[in-house]
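This report looks at how parts of a protein chain pack together. Please keep the sequence and the structure in view while reading.

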Amino acid sequence: METVNQRDLYIKELQSTGRAGWESVISYLDDHCFFDKAHCCGHDSNPGGTANHCLWTLKFARETRNEIMKKRPGLVVPEDSLVFICLLHDICDCNPQRWGHGSLSRSIMEQEIEGIRFTLDELNAVAAHMHNSLAKGA
């Protein structure tokens with residue numbers, strides 16, 4: 001994905017959810033230089049690399065969800081939740097001096113982004129995304 005258009009892609013994806021308050025997310029990301037400076041050490045160490053990584057995560061998650069839903073048609077994974085979880089799972093990279101990764105990203109979503117409500121499932125998914133039990137299928 002082109003890093004130049006990351007912010008525009010984020011806006012497009014967040015708008016597509018139809019969820020009130022998505023503008024608060026963009027405002028937080030802009031205020032914390034997410035699109036310009038935040039880099040994702042393990043995935044894309046370029047300035048703005050975290051945004052690029054999160055957009056790729058969303059693409060992969062959609063593909064994975066579609067494959068899983070073919071095998072389990074009753075499974076419901078709401079599109080708006082998928083978008084928010086994927087785009088914000090590494091929001092903690094806005095401030096790399098703070099520790100806690102998944103739990104820190106959850107804390108930022110829960111306490112620092114005003115004007116939007118996230119579901120408990122969304123917050124838990126973001127908090128758990130680095131948990132080693134995920135690799136075991138727990």
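## The two sides of helix H6

In this predicted model, the face of H6 turned away from its buried side carries two exposed residues, Leu120 and Asp121. The buried residues of this helix, which spans residues 120-128, are Glu122, Leu123 and Val126. These three cover an arc of only 95° around the axis, which puts them on the same side of H6. On that buried side, the residues pack against helix H4 (79-88) and helix H5 (101-112).

In soluble globular proteins, nonpolar side chains tend to be buried together. Here the largest nonpolar core has 32 residues, and those with the most contacts inside it are Tyr10, Val25 and Leu29. Two or more residues are given to this core by each of helix H1 (6-16), helix H2 (22-31), helix H3 (49-71), H4, H5 and H6, and the largest share, six residues, comes from H4.

## How H1 and H2 pack

Two packed helices are described by the angle between their axes and the distance between the axes. For H1 and H2 the angle is about 160°, and the axes lie 9 Å apart. Because angles over 145 degrees count as roughly antiparallel, H1 and H2 are roughly antiparallel to each other, and their crossing is right-handed. The contact is made by Arg7, Tyr10, Ile11, Leu14 and Gln15 of H1, together with Trp22, Val25, Ile26, Leu29 and Asp30 of H2.

Note on methods. Residues numbered from 1 in each chain as written. Predicted model: local features only at pLDDT ≥ 70, side-chain atom pairs only at ≥ 80, totals over all residues. Heavy atoms only, no water. Buried < 20%, exposed > 50% of the residue type's maximum accessible area, 1.4 Å probe, protein only. Helix = DSSP H or I, 4+ residues; strand = E, 2+ residues; numbered from the N terminus. Arc of directions from axis to C-beta. Contact = heavy atoms within 4.5 Å. Core = buried A, V, L, I, M, F, W, Y, C linked by side-chain atoms within 4.5 Å. Axes fitted to C-alpha atoms, helices over the stretch in contact; angles between N-to-C directions. Parallel < 35°, antiparallel > 145°, perpendicular 65-115°, else oblique. Left-handed = near helix turned anticlockwise from the far one by under 90°.
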